[in-house]
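Please keep the sequence and the model at hand while going through the numbered points.

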Amino acid sequence: MKYSQLLAPTLREDPADAEVISHKLLLRAGYIRRVTSGVYNYLPLGLRVLRNIEAIIRQEMNHAGAQELLMPAVQPGDLWQKSGRWEKYGPELLRFKDRHDHESCLGPTHEEVICDLVARELRSYKQLPMNLYQIQSKFRDEIRPRFGLMRGREFIMKDAYSFHADQQSLNAEYQNMFDTYKRIFTRLGLKFRPVEADNGSIGGSASHEFHVLAESGEDLITHCSACDYAANIERAQSRRATPAGSDSELTEVNTPNVTSAEDVAAFLGADIALLVKTLVYRIEGGPHDGQCVAACVRGDDALQEIKLTRAVQATALQMASDADISDIGGITGFIGPRALSSLVIFDESLRQADGLIAGANKVDTHVTGLNVSRDIRDAQFADLRQTREADGCPRCDGTMSYSRGIEVGHVFELGTVYSEPMEVIFQDQQGKRSVASMGCYGIGVSRLIAAIVEQCNDADGIAWPAHLAPFQVVIISMGKSDACMDVCEKLYHELKQADIETLWDERKERPGVKFKDAELMGLPIQIIIGDRGLENGVVEIRERGRDKQEVAQEAVLSSVRNLLDRE
């Protein structure tokens, strides 16, 4: 491609609305342009990178035994009503009616459509297992799209769905996809970490997320210093010693106008770890819909709301109002777990705790000497606390650390969450009707562009790995003579014939402009051809971020090949 014919509008300044480095550089380097909030055009450079990423994903998915298909972006509402997600999915599902008044939606994911397809075609266990995938645009009506391609409303995703006759087969395919994802992200040159994850609204049991490590990441992940245990903060477990105060009688103490755990500990001269924070929520959905739950954690811990949501099998939680707290026997600011007419769930770290301090459900009053097993009737226990840095690893003697991550992949073991209501039925080996179990495996393809740039950039712009770059080589014409342009054109055609993606910057621009654009775009190899060098029979070759080297004119092609092979 000749630069003068390329749609690649570069910018010298960071756009005002771009916050993270990938968003800034992809806009400045002419890879994307905003259409509306959370929706982008992929310009030629951006589309080339997208296709390079897709090619690696396709190769690995095909190698793993998956079959590619393509499903529609518009999905009928009756399929979502059959699965039960039409109302559950929430406002991110963009719903609309066609001219016949039929309800439809723009697909944020394709469990319903794939189940409908397989249910129509599946007859026997002999057809299983099968793994079907697509690479396609999705739409989720994000309330706050941001960070460019990292969190948009329309995005490109690889989603795969596997179907199985038994749990053993599902387990094997889950591991197959887990290993496939590791190969994909390794080939993309990323520093990444797979972590245990919460299944969220998609349902199912086991799941792992794959995170690209970057300070701009929206997700907080925890990992052990000594073993391979890692988890999203929403699911992470850790070890902490059970707090132990003095084994004493339950006693009410006056604590006038003192409500926070920190202030109560200071007022009583006690270790904050002995405080019990009691947080009350109203439950939405599930077996306890409409009820309140009191969640209790140590005074120096934070409650992880996702863990509590799962513990009460809810779809969502809302902070209880003062009236709600009063209705269950509590007093706002002085609420404690004793004698509440609601569910009371303690964090596991408090199961054997004694000598604790908690609200007394009386104004200006707390209790000391609280023993959970002695003083709290019908208490339940669950892992509720958020893992902290330096906590003990749940699997070894190591300690936990934090990192920021960009989620680029997620694998789910769904079981029959969707296949049962969608009636994906087959005849098993005994001739009986059985429900197929499912796995679901997603990769954010367009998000990967941003994630790679977050890791591959410097002060001058993007720094693509050569196999992902829109062009592997840029020829920069420095000379003004006809002889120089003839050499450039000849080399340009030689590189193209050798299947090396090449951009020829033949513009009548200043050298500084050409160099800045090549650096900003992140093109890996620069070939600089000028009149002075040609007089000596040499051209300059420069790998991005490294020093130039002079190469004999006739050795340019072999030198470029060597550099690309070395990568």
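1. Helices (H or I, at least four residues) and strands (E, at least two) are DSSP runs, numbered from the N terminus. Asp364 lies in the loop between strand 18 (356-362) and strand 19 (365-370). Although Asp364 is not a glycine, its phi is positive, about 60°. With a relative accessibility of 21%, Asp364 counts as partly exposed, where buried means under 20% relative accessible area, exposed over 50%, and partly exposed in between (1.4 Å probe, protein chains only).

2. On the basis of the note: this is a predicted model, in which local features need pLDDT of at least 70 and side-chain atom pairs count only at pLDDT 80 or more, while totals for chains, interfaces and linings use all residues. Residues are numbered from 1 along each chain as its sequence is written, and side-chain values use heavy atoms, with hydrogens and water left out.

3. The protein chain as a whole has 15 helices and 31 strands. Its C-alpha trace spans about 95 × 65 × 50 Å along the principal axes. Of its 567 residues, 53% count as buried. Contact means heavy atoms within 4.5 Å; among contacts between residues at least 6 apart in sequence, 69% join residues at least 24 apart.

4. The mean positions of the 65 positive and 84 negative charges are 3 Å apart. Lys and Arg count as positive and Asp and Glu as negative, whereas His and the chain ends are not counted; each charge is placed at NZ of Lys, CZ of Arg, CG of Asp or CD of Glu.

5. The protein chain is divided into domain 1 (3-236 + 402-453), domain 2 (251-382) and domain 3 (473-566), with bounds from an automatic or database domain assignment. The C-alpha centres of domain 1 and domain 3 lie 39 Å apart. Their contact takes 13 residues from domain 1 and 11 residues from domain 3.

6. How much area is buried between domain 1 and domain 3? The figure is about 1,000 Å², of which carbon and sulfur atoms give 60%. Buried area here is the accessible area (1.4 Å probe) that two parts lose on being put together, summed over both. Tyr3, Ser4 and Arg12 supply 56% of the area that domain 1 buries against domain 3, more than any other three residues.

7. Helix 1 (residues 21-28) is largely enclosed by the rest of the structure, because 6 of its 8 residues are buried. The buried residues are Ser22, His23, Leu25, Leu26, Leu27 and Arg28. Their cover includes strand 1 (32-36), strand 2 (39-42), helix 11 (445-455), strand 25 (457-458), strand 26 (461-462) and helix 13 (511-521). Gly30, which follows helix 1, has a positive phi near 80°.

8. Two further backbone features deserve a check. The peptide bond from Leu128 to Pro129 is cis, with omega near 0°, and Pro129 is placed in the loop between helix 5 (111-121) and strand 7 (130-139). Phe147, in the loop between strand 7 and strand 8 (154-164), has a positive phi of about 65° although it is not a glycine. Phe147 counts as buried, at 11% relative accessibility.

9. Asn361 is found in strand 18 and is buried, with a relative accessible area of 13%. Leaving out residues up to four places away in sequence, Asn361 touches Gly329, Gly330, Ile331, Phe334, Ile335, Gly336, Arg338 and Leu340. The C-alpha atoms of Asn361 and Pro108, which are 253 residues apart along the chain, are separated by 45 Å.

10. Is Ser419 buried or exposed? At 0% relative accessibility, Ser419 counts as buried. Ser419 is found in the loop between strand 21 (400-415) and strand 22 (425-427). Neighbours within four places in sequence aside, Ser419 is in contact with Cys115, Val424, Val435, Ala436, Ser437 and Met438.

11. Thr416 also lies in the loop between strand 21 and strand 22, but is partly exposed, with a relative accessible area of 31%. Not counting residues up to four places away in sequence, Thr416 touches Pro421, Val435, Ala436 and Ser437. The C-alpha atoms of Thr416 and Ser437, 21 residues apart along the chain, are separated by 4.9 Å.
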